[in-house]
Amino acid sequence: PDALRPSFPKLKDKLEDRDTSAVSCAVNVICELARKNPQNYLALAPLFFKLLTHTANNWMLIKIVKLLGALCPLEPRLGKKLVEPLKNLINTTPAKSLLYEAIHTVSVGMTPHLDIVQLSMEKLKGFVEDEDQNLKYLGLLAMGNFMTVHPRVVAEHKTMILKCLNDEDITIRQRALDLVSGMITKKNLQDIVRILMDHVQTSEGSFRHDLVNKVIEISNANGYAAVTNFEWYIAILCRLAREPGVGCGERIKQQMMDVLIRVRAVRPYGVKAMIDLLTDAEMHAQCSRDATASQVMYAAAWLVGEFSELLEQAALQTVMQALLHANVTSLPEQVQSVYLHSALKIYVTASGDGTKKQRRLPIAPAGAGGALDLLSDT
């Protein structure tokens, strides 16, 4: 504001006024001004530090801590100097509002100091375990700030965070779900996915959709860095595909195709899993209820055609009947074209591609005139 420049010297003087109410008003004004551009008030940090260590007014302390939190990212040395005063404040204050502001300041500008970070996390545990839903939400929110720098410290509270997925408040469930990504390791991925899958079966609405996306997100993070068993992951994708109403068929399709294309060792298992999807009558019925489910069938059909050399002799007739069945006409045209294309690929592969070894295949859909024995040993 235009009046700030001429009035600023007097405003600064009021920070050292003998009248506590005058100091309180000056702190409030500067805090509001600093919300827009804290850089302009960095020179006042020594005065605010002095007030932090000498005042006992909780309301004023909240404002001071909030301002110092905004200044810490601008001056790293300030964070180091604040460690002891804030540790004392965190350990002694009974006021939840002041405690949260102190922890928030640690999370935004003092994360290099591990001792106060660990202390803050212990205090946040009390927030999350509190029966007050507002405190629980704030605790999870602050943990999210620490997650970006100290995921291992947050992961120490994994059990408590995952328990919040059972909370009645969807905002708390959502905050807990946001924290899951940073807790994943090779050792705990399958356990955490199992817990999330349990919640997929019992949840509804948008949160159910978010759970499915989270399972995929944590599994394919950093190029599947945490996945040690790709057969397990294909099985998880197939389970998700069969869950009615999740609306994530496109993403499941992308994952199935990506894994089988990139991971050669999992292809035999993956092709068998795709055959199970193609021959699953419930999956076809689900396509009429969930438009995205047809994308899963697209992936299944494309993959059995692309890797048709992995099909066992005993499965050929079953696969061809599934690809050429009359119910395929109920699928979108794009999916139908992939079914037909894959059927042709399988036919060419099974014919021996010009060799003497040929296999017996049907080309007509089941229930539409029967199967025709095209090829025989020559």
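This is a predicted model: local features need pLDDT of at least 70, side-chain atom pairs count only at pLDDT 80 or more; totals for chains, interfaces and linings use all residues.
D280 is buried, at a relative accessible area of 17%. I then looked for its charged partner. R242 and D280 join their side chains in a salt bridge, 2.9 Å from N to O. I placed both residues: R242 sits in helix 14 (residues 230–242), and D280 sits in the loop between helix 16 (267–278) and helix 17 (281–289). They are 38 residues apart, so I log this as a link between distant parts of the chain. R242 is partly exposed, with 32% relative accessible area.

Next I counted. I find 17 salt bridges in the structure.

I looked up K136 and D167. Their side chains form a salt bridge at 3.2 Å, N to O. K136 belongs to helix 8 (residues 133–147), while D167 is in the loop between helix 10 (158–163) and helix 11 (170–180), so the pair ties together parts 31 residues apart in sequence. I checked burial on each side. K136 is buried, with a relative accessible area of 14%. D167 also counts as buried, at 12% relative accessibility.

Then I turned to E101 and K66. I note a salt bridge between their side chains, 3.9 Å from N to O. E101 lies in helix 6 (residues 96–109) and K66 in helix 4 (residues 58–71), so this contact ties together parts that are 35 residues apart in sequence. E101 is buried, at 14% relative accessible area. K66 is partly exposed, at 43% relative accessibility.

Last entry: a network. I see E32, R35 and K63 linked by salt bridges.

Key
Residues are numbered from 1 along each chain as its sequence is written. Side-chain values use heavy atoms; hydrogens and water are left out. A salt bridge is a side-chain nitrogen of Lys or Arg within 4 Å of a carboxyl oxygen of Asp or Glu. Helices (H or I, at least four residues) and strands (E, at least two) are DSSP runs, numbered from the N terminus. Buried means under 20% relative accessible area, exposed over 50%, partly exposed in between (1.4 Å probe, protein chains only).
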